[in-house]
Structures are given as structure tokens and as C-alpha cells.
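Please consult the sequence and the structure shown below while reading.

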Amino acid sequence: MNLILLGYPGSGKGTQASVLSEKFSLFHISTGDIFREAISAKTALGQEVSGYLSAGRLVPDKLVLDVIKTRLATETRGLLFDGFPRTVDQARELDDYFASRSQGIDAVIFLDVDEEAVVARLGSRRTCPKCQKIYNLLTSPPVKEGLCDACGEKLILREDDKPEVIRRRILVYKDQTEPLVAYYKGMGNFCMVKGGKDPESVTQEIAAVLKIKNV
Ligand code: ADP
Ligand code: ZN
């Protein structure tokens, strides 16, 4: 089974991807996490992408595709994409990749959340820089204030979750990523899930949709 999660920044892709990859034994591939890890490890890739992330702009397709291809080269599990593809060109490349392996995308799950809701969520989101666990100060705070429940690391406000950058990311999403909705609707494997509820209900709804679709 190969799945794609699509939606605004802050629509819950990362949170759902963690739970779903566990539940269905899929390989969770988050380009955002890969880039943030590269930045904190100060690798050549990290240096190349850091300016794009802190400005809320997209990393160039060529770089993203190289990273994806390297990660997938040795992976045999089903795949769960979170934050990729983000442009129509990336989506086309992914289709070619699957076609060359006689595979396909079983479902594209669009997490439908209002723009105002994602802006509010991103502002109160805190992230663990070590294990990438995601918190929300209002709806899912850590047990100990400011510290990750899973690993004890100090939580951070992501550089790109600052108000000016949030606005840029929303614009970039509308301009470059939203066209993927029409792209995937045309392919027949598109599923829309209301993403405004609590994370557990959203997971249940995704699981139900996948079952109905026989994925
Ligand atoms: P969110 O979905 O909350 O914006 P991500 O962690 O998916 O967060 O992405 C963070 C940043 O990483 C993006 O703003 C962009 O700069 C970069 N990025 C991640 N995935 C891609 C991609 N597929 N193509 C281009 N840039 C990407
Ligand atoms: Zn942690």
C-alpha cells in the first residue's frame, strides 16, 4: 500500500503520518523532517536547504527528488508520503517512479482544514527537535511544560512557525501545492477527510475511508 497525505501546512499530515505508518506498517517519509535533520546535523544538504525552510519557500524540485530517490532506493515496505509531492512536477516524477516499478499510489488523502484553523494551529505548535514529535499548546500539550513526553528534549517553536513565515507558507501552498488536488482528483484515488477534529477521530476517519476504498 502506498499513500500520500496532502493538505495545508498545519493540517495534521505529520501527526497522522506517525500514527498511520505504525498502524499499517508503512515507511513514513517526511521531506520536511529529512531537511530539518540535515540542517541540525549541518550536512551539505542541510546547508543547501536551510534558507528555503526558514523563509517558508519550497526547496527546488531537483534537490527534493534526489533526496526521495536516495531514501526509496533500498525500501521495500509500503510508503506513506508526508509533505511530498508538493508541486505538480514532483507528482509527475513520483508517478513515473511508481510506473517504472509496476506500482501505484493507492490513495491520496486530503486533510481538509480551514485556512484560519491552520494558521492558529501553526502558531501554537511546538516540535521536538530530537524525535520530531509534534505538540499543540492548546489541544495536545506535553505532560511537563516545554519538554518532550517521548524523549525529554526541550520543545521548540519551528523557525517557519513564526507568523511572517506562516503567511508565506500558506501563499506558497495555494500557489504550488493546491493544484495537486485537481491533479489527483483526475486520477481517481483521491479521498477527502475532514481534518478539523481531534487527531484520533481523524485517524479513524482515514482508516474508514481506506477500508471503503478497499485499499
Ligand atoms: P509543513 O507541511 O507544516 O509546511 P513540512 O515539514 O512538510 O511542513 O515542510 C517544511 C518545509 O520544508 C517547507 O516549507 C519547504 O521549505 C520544505 N519542503 C518540505 N517538503 C518539500 C517538498 N516536497 N518540496 C519542496 N520543499 C519541501
Ligand atoms: Zn522528543
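Relative accessible area is classed as buried when under 20%, exposed when over 50% and partly exposed in between, computed with a 1.4 Å probe on protein chains only. The model is predicted: local features need pLDDT of at least 70, side-chain atom pairs count only at pLDDT 80 or more, and totals for chains, interfaces and linings use all residues. Residues are numbered from 1 along each chain as its sequence is written, chains are lettered from A and ligands numbered from 1 in the order in which they are written, and side-chain values use heavy atoms, with hydrogens and water left out.

C131, in the loop between β5 (125-127) and β6, and C148, in the loop between β6 and α7, form a pair that links distant parts of the chain, 17 residues apart. Helices (H or I, at least four residues) and strands (E, at least two) are DSSP runs, numbered from the N terminus.

C151 is placed in the loop between β6 (134-136) and α7 (163-177). Leaving aside neighbours within four places in sequence, C151 is in contact (heavy atoms within 4.5 Å) with C128, K130 and C131. The C-alpha atoms of C151 and K130 are separated by 7.7 Å, although these residues are 21 residues apart along the chain.

**Accessibility**

| Residue | Relative accessibility | Class |
|---|---|---|
| C131 | 36% | partly exposed |
| C148 | 4% | buried |
| C151 | 30% | partly exposed |
| Q132 | 14% | buried |
| S102 | 70% | exposed |

**Backbone features**

Q132, in the loop between β5 and β6, has a positive phi of about 70° although it is not a glycine. S102, also not a glycine, has a positive phi near 50° and belongs to the loop between α5 and β4 (107-112). A cis peptide bond, with omega about -10°, joins F84 and P85; P85 is found in the loop between β3 (79-82) and α5 (88-100).
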